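This briefing covers a predicted model.

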Amino acid sequence: MSVHHPFTSPHVEDLDRLEESPGSVRAQAYDLVLNGSEIGGGSIRIHDAQLQSRVFRRLNISDEEARRRFGFFLEALEYGTPPHGGIALGLDRIVAILAGESSIREVIAFPKTAAAVDLMAGSPSPVDERQLTDLHLRVARSD
């Protein structure tokens, strides 16, 4: 399984171990740390279609499933996507550090419980049937 996401590029010098020893393959991923707190993270993305296929196969993602789920990205690779990377900053973590708080829950505008419930807003709440119909959605329950 991928630790970050299935588009993180492996180190070039580790590619010969991708199929036989995937746990020893290092990702080109990075974190931004401030005073011991991670405030952002990202990676260099795979920009080679053949390498992306190898990674998907190693993750047991079939060609058909990859096309269905990530077709837009795979098509871009066919046109010669250049090397690229990204980073996402955790604004809530930065604000917690600036405010001297030990938990981001103290600075999040609409904090949720561990069960993803917003006690102040009472959400999630039941959805009106008309809203579901308008969006062409249906609720399936597994009891």
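**The bent helix and its core**

In helix α2, the buried residues are A66, F70, G71, F73, L74 and L77. They pack against α1 (49-58).

Shape of α2
- Helix α2 bends by about 100° at F70.
- Although α2 has 16 residues, its end C-alpha atoms are only 14 Å apart, whereas a straight helix would reach 22 Å at 1.5 Å a residue.
- G80 follows α2 and has a positive phi, near 90°.

Nonpolar cores
- The largest nonpolar core consists of eight residues: F7, F56, I61, A66, F70, F73, L74 and L77.
- Five of these residues come from helix α2 (residues 63-78), which gives the most to this core.
- A second, separate core has six residues, including L15, L18, V25 and V55.
- In soluble globular proteins, nonpolar side chains tend to be buried together.

Aromatic rings
- There are four aromatic pairs in the structure.
- One of them is F7 with F70, an edge-to-face pair at 5.0 Å centre to centre with 90° between the planes.
- This pair links distant parts of the chain, since F7 lies in the segment before β1 (29-34) and F70 lies in helix α2, 63 residues apart.
- F7 counts as buried because its relative accessible area, 15%, is under 20%; F70 is buried as well, at 10%.
- F7 also forms an edge-to-face pair with F73, at 4.8 Å centre to centre and 65° between the planes.
- F7 and F73 are 66 residues apart, and both are buried.
- Ring pairs join F7, F56, F70 and F73 into a cluster.

Terms used:
Residues are numbered from 1 along each chain as its sequence is written. This is a predicted model: local features need pLDDT of at least 70, side-chain atom pairs count only at pLDDT 80 or more; totals for chains, interfaces and linings use all residues. Side-chain values use heavy atoms; hydrogens and water are left out. A nonpolar core is a set of buried Ala, Val, Leu, Ile, Met, Phe, Trp, Tyr and Cys residues joined through side-chain atoms within 4.5 Å. Buried means under 20% relative accessible area, exposed over 50%, partly exposed in between (1.4 Å probe, protein chains only). Helices (H or I, at least four residues) and strands (E, at least two) are DSSP runs, numbered from the N terminus. The expected span of a helix is 1.5 Å times one less than its number of residues. The bend at a residue is the angle between axes fitted to the seven residues ending there and the seven starting there. Contact means heavy atoms within 4.5 Å. Rings of Phe, Tyr and Trp (its six-membered ring) pair if their centres lie within 6.5 Å; planes under 30 degrees apart count as stacked, over 60 as edge-to-face and the rest as tilted.
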